[in-house]
Each structure stands twice: as structure tokens, then as C-alpha cells.
Amino acid sequence: MSTTAQATATIANLDPASGDLIAEIPCATAEEVRAAVDRARAAQPAWADLGIEARAAALARFGERLAADAEPLGALVTREMGKTLRSAVGEVKGYAGGVSAEAKEVVEALAPISYGDKAKNVTTVHEPLGVVAAVTPWNFPVGMPLSIITPALVAGNTVVFKPSEHTPLTGARLAELLQAELPAGVLELVQGAGATGAALVEADVDMVGFVGSRATGQRIMNAAAGSLKRLVLELGGKDPMVVFEDADLEAAARCAVEHSLRNTGQVCCSVERVYVADAIADEFEAKVVELAQQWTHGDGREDGVKMGPLVSEGQRAKVEAQVRAAVEEGAQLRVGGVQPEGAGWFYPATVLTGVDQGHRITHEETFGPVVAVTRFDGSEDQGVRFANDTVYGLGANVWTTDPARAARVAARLRAGQVGVNRYLGGASGSPWVGARQSGFGHLGGPDGHRQFTVPKTITIGR
Ligand code: NAD
């Protein structure tokens, strides 16, 4: 796999279940990236002039095309990044079904603002920024691009889209379905890895919409500083779950296992740290062990498989190294933790107990199928202190049957979203936010949509 477009002219697109080559994809050079941005720049005024309702209608029609393509596109997602076919098709259908509603939300969020009777002559409108770069990851290779592309386009921007180097064909199909409903130049596609992404950030774009790791987010922020490009950065996490003595243990254990292992743990808001009160820890851990043992892994195309492989050899090596370090530091390996022989980047469902607050795995994003359990003394203070002891702040959840305690703890957890006696929730139209170093800006909700515009206030003299 290439890491720079300069070093090699192609990326090797590999099937993670077998390691087989799917395709060699040529990387866009910096010159080709600039040409794509120029085409998007040229197309932008006419796209903006079309009007917001017509733009939203184009996105809604794209949503119908996407829904019709759910089965083949889902199969492609599984082939490129390994998730189970059921969840890949579910991802496509879920986002296809949501495009039209989100486009409507953008229309509402960008409605002109007036200031009441005393200032009838003042109006604020939301103008497009120009060209938006969409740089996205592989773990939800349909959903993450759309979380940027939909609001950017409906707001009247044009977009240059760079999908992940692990899911280039999914990105290409998504672009093709969008382009079928858009005038030429409104959605440009560039392929490649980090160097192509960096070239896109360097190019003459007005905004970078990025979903990916914290490390890449920092690089993008540095690179964008020179020309003060607008940024929305949705980054990684190390989400805690705090289980108090009075929790529904069965439900809490199910949540811990499901949301540590779902998508082979490759979810930004996976449960990455489970804090359980000492008094109920033995019982809780036994339930977690029992449940995790039911999580089979295998080729995501096969029936009954709950987890596909990890996306790449590098990702598996990272998970393996973290688990090994945790055991060396004193954690107990209760399930899994042994890399299987044979082809494909499989890693079993793994449970670690006795994880300490000082262990490496407590602080680095794992992004793999590991349930990491740490005991705490059962007090709100220690539970909250441990949970907040991270540079991240994407999600968090708290389990207790005492509503007053739930409210106090939810208020003290530093996270963009908190689940109480459930995993993270939210509603259609609520924002997707990361606190601290999990993000900069946010997606969704009226404020999120407005970040793809510049507000302009017009005052008319009497
Ligand atoms: P990554 O940061 O390695 O890559 C993301 C994208 O950035 C890819 O398209 C990549 O080619 C590109 N890129 C790499 N270097 C670049 C550079 N210097 N300049 C511009 N672009 C560059 O992340 P990943 O491995 O693809 O995805 C996993 C990460 O994404 C995890 O940390 C996960 O938590 C995070 N994530 C966050 C959210 C969220 O909503 N907060 C959602 C999904 C994934």
C-alpha cells in the first residue's frame, strides 16, 4: 500500500478477507488535484444560481439512485473493507433513506434570518463558501462522505471528494451516482492516499470537511492555516462507559460487547473503555465474557458471521500490539487475543479485564474488536475522573437506575454525546459533535449545516 502519491503512482486496493488484489488505482497527482479544484470552481456559480430547492431536489433524486444500488454497492463495501454484507447493505440503505430528509434540514437551516419589526430592513442570508474538499475514511465509506457532501452541495458549494485509499471503488461508485444527478464539475473525484489528500488541502479550496484520525486532523489544521481555510474535522475517540453498582447489568454488558465489537470495533464512537464499579465487577465481567464468546469472525460475505476482518494488515498489527502491551502491563486476557493463522486480517473478539488507568490501551484509540474493562471504586467522582481522563471526547455512556445520579454524571462527562442506560442516540436533526480533540466544528443540526456557508447581513437604508 502506498503512503504517498509521489512515491508510487497507484494504490493497491486489497480484499481484507483474503489479501487478494482487487484493483490498482492510479493516484491523482497534485496537478490533477488542482485541475479538479479548478473544474469545481468553474462550476460553482451556476450551481449556486440554481437555487437551494433545486439543489436539495437533486440530492433527493441521488438518494433514490443510491437506494436502488444498495445490494451491489453493499457487496463492494464488504469486498473493499471487510464489514459484514448485512451491515454494508444496511449502511447504504440507511444513508440513502436519509439524504432527502437531510437536504430538507439544510434548506431550513439556511433560510434567511430577519430581526423582527424594529429591524425590518436587516436580513442575514447564508452564502456558499465556494469549493469544499471532502476527505473521508473507510469505516463507513458511504455514510461518512455523505455527511459532508450533502450539506456542502445543498448549501451551494461544489465539492472535490477524496475517498479513503482503502475504499476507492466504493468512493468511485458513490461519485458516479451523485454525478448522474449533478451538472458537470459540481462533484469531482480524486483518488489516492495521504499525499493526494494533502495536495487537496493545499489546493485552492475554501473549506475542508474531514472525517478521520486525530493525527491527520492535526496535519490538515496546520496545512489549512496558511490561507485560513474553513474546517470541519470529525476525529477519533476513546469513548468511556461507566457502569454503577445499581445498573441493569445484563443490558449494560450487552451494550459494552455490542459497541466494542460492532464493525470489528472500527467505529469512531465504539465503546473503547468500560469502567465497572468494584461491587458488581465479577458478575458484570462474567456476562461480558459469555457474550463476547458468541461473536464469531470470518469473511463478511458468509452467513452468520458477526465480524469481518480488520481493514488492513497495519490496523491489525496496531490492535495486536495494544492487546499485547496491556497483557504485559498486567491486564488479564479473558477471550480472544490470539491472531489467527492464514490469509486475511482477522482478529478475534477479545476481552481484557484488569485494565489499569495507566495502561497504554486506556489512552490510545484501539479501533479493533476489544472490550477493555477497568474497575473503579463505584463513586461518581472516580467514575467521572477516569472517563474524562483522555484527550478525546466523542461519546460516553452511563449506566445507573438512579435518575438523579444519571443526570449528574451525564452533565459532568466531557463528550459531544452521552447515552444514559443506552448507547448514544440523538434524533434526526441533532448534531454530531466531538468535544476536546475529537473534533473541530461539527456536522448535522442547523449549526452544523451553517458551517458550509458564510452568513451575510444586508441592511437596507430607509
Ligand atoms: P486517516 O486519518 O488515516 O485517513 C482519513 C482520510 O484522510 C483518508 O482519506 C486519507 O487518505 C486522508 N489523509 C491522510 N493523510 C492526509 C493528509 N496529510 N492530508 C489530507 N488527507 C490525508 O483515518 P482512517 O484510518 O481512514 O479512519 C479512521 C479514523 O477515523 C479513526 O480515528 C476514527 O475514529 C475516525 N472516524 C471519525 C468519525 C467521526 O465522526 N468523528 C467517523 C469515522 C471515523
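**Stop one: the end of a helix**

Start by selecting asparagine 388, which you'll find in helix H12 (residues 380-388). Helices here are DSSP runs of H or I with at least four residues, strands are E runs of at least two, and both are numbered from the N terminus. Before going on: this is a predicted model, where local features need pLDDT of at least 70, side-chain atom pairs count only at pLDDT 80 or more, and totals for chains, interfaces and linings use all residues. Residues are numbered from 1 along each chain as its sequence is written, and side-chain values use heavy atoms, with hydrogens and water left out.

Is asparagine 388 buried or exposed? Its relative accessibility is 12%, so asparagine 388 counts as buried (under 20% relative accessible area; exposed is over 50%, partly exposed in between; 1.4 Å probe, protein chains only). Now show what asparagine 388 touches: leaving aside neighbours within four places in sequence, Arg412, Leu413, Arg414 and Arg436 are in contact (heavy atoms within 4.5 Å).

**Stop two: helix H11**

Next, select residues 313-329, helix H11. Its buried residues include Arg316, Val319, Val323 and Ala326. Color strands E12 (332-335), E13 (350-353) and E14 (370-376) too, as the buried residues of H11 pack against them. Just past H11, click glycine 330, which has a positive phi of about 125°.

Definitions and conventions:
The expected span of a helix is 1.5 Å times one less than its number of residues.
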